[in-house]
Amino acid sequence: MTDTEYLDRAEALLVAIELACDRINELTDADIDNQRVGGMITITFANHSQIVVNLQKPLQEVWMAARAGGFHYRYDGQAWMDTKGQGEFFAHLSRYASEQSGQSLTFSS
């Protein structure tokens with residue numbers, strides 16, 4: 001993948017996260033806050049725990065830090081997949097956000 005393709009796909013991922021946060025706040029009482037600075041989004045939950053998603057341009061990866069740990073994802077042509085073969089980005093984000101918020105939250109592209 002070229003650097004331009006990576007940046008386009010990574011930007012689309014960040015926008016999808018922002019839109020999902022807005023949708024979740026409209027449809028639930030989760031009260032999550034998301035702040036974006038450049039290639040990084042910090043999602044803060046009512047209990048003050050956070051999930052941080054940031055771009056790693058030199059590696060063409062997206063990294064996520066949650067209470068469950070740190071995870072690296074690469075685009076495989078169809079989705080952002082964990083570099084250790086452990087699953088897809090949005091499935092992980094939904095799982096970890098649900099765990100940290102205490103309610104079922106769904107993120108998708």
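Okay, let's start with the two helices: α1 and α2 are roughly parallel to each other, and that follows from their angle, since anything under 35 degrees counts as roughly parallel. Before I go on, this is a predicted model, where local features need pLDDT of at least 70 and side-chain atom pairs count only at pLDDT 80 or more, while totals for chains, interfaces and linings use all residues. Residues are numbered from 1 along each chain as its sequence is written, and side-chain values use heavy atoms, with hydrogens and water left out.

So, the helices. α1 covers residues 3–27, and it packs on α2 at about 30°, axes 12 Å apart. Those axes are lines fitted to C-alpha atoms, for helices over the stretch in contact, with angles from 0 to 180 degrees between N-to-C directions. Helices here are DSSP runs of H or I with at least four residues, strands are E runs of at least two, and both are numbered from the N terminus.

Which residues make the contact? From α1 you get L13, A16 and I17, and from α2 it's F89, F90 and L93; contact means heavy atoms within 4.5 Å. That set is six nonpolar, no polar and no charged, where Ala, Val, Leu, Ile, Met, Phe, Trp, Tyr, Cys and Pro count as nonpolar, Asp, Glu, Lys and Arg as charged, and the others, Gly among them, as polar.

Now the sheet. It's open, six strands, ordered β1-β2-β3-β4-β5-β6 with antiparallel pairing; strands pair if DSSP finds at least two bridges between them. β1 (33–37) and β6 (80–82) are the edges, each pairing on one side only. On average, neighbouring strands are turned by 20° against each other, direction ignored.

Zoom in on β1 and β2 (residues 40–44): five bridges, antiparallel. Q35 has T42 in β2 as its bridge partner, and R36 has I41. Their hairpin has two residues between the strands, and G38 takes a positive phi near 60°.

How do the helix and sheet meet? α2, residues 89–101, lies across β2, β3, β4, β5 and β6, at about 15° to β4.

Note on methods:
Angles under 35 degrees count as roughly parallel, over 145 as roughly antiparallel, 65 to 115 as roughly perpendicular and the rest as oblique.
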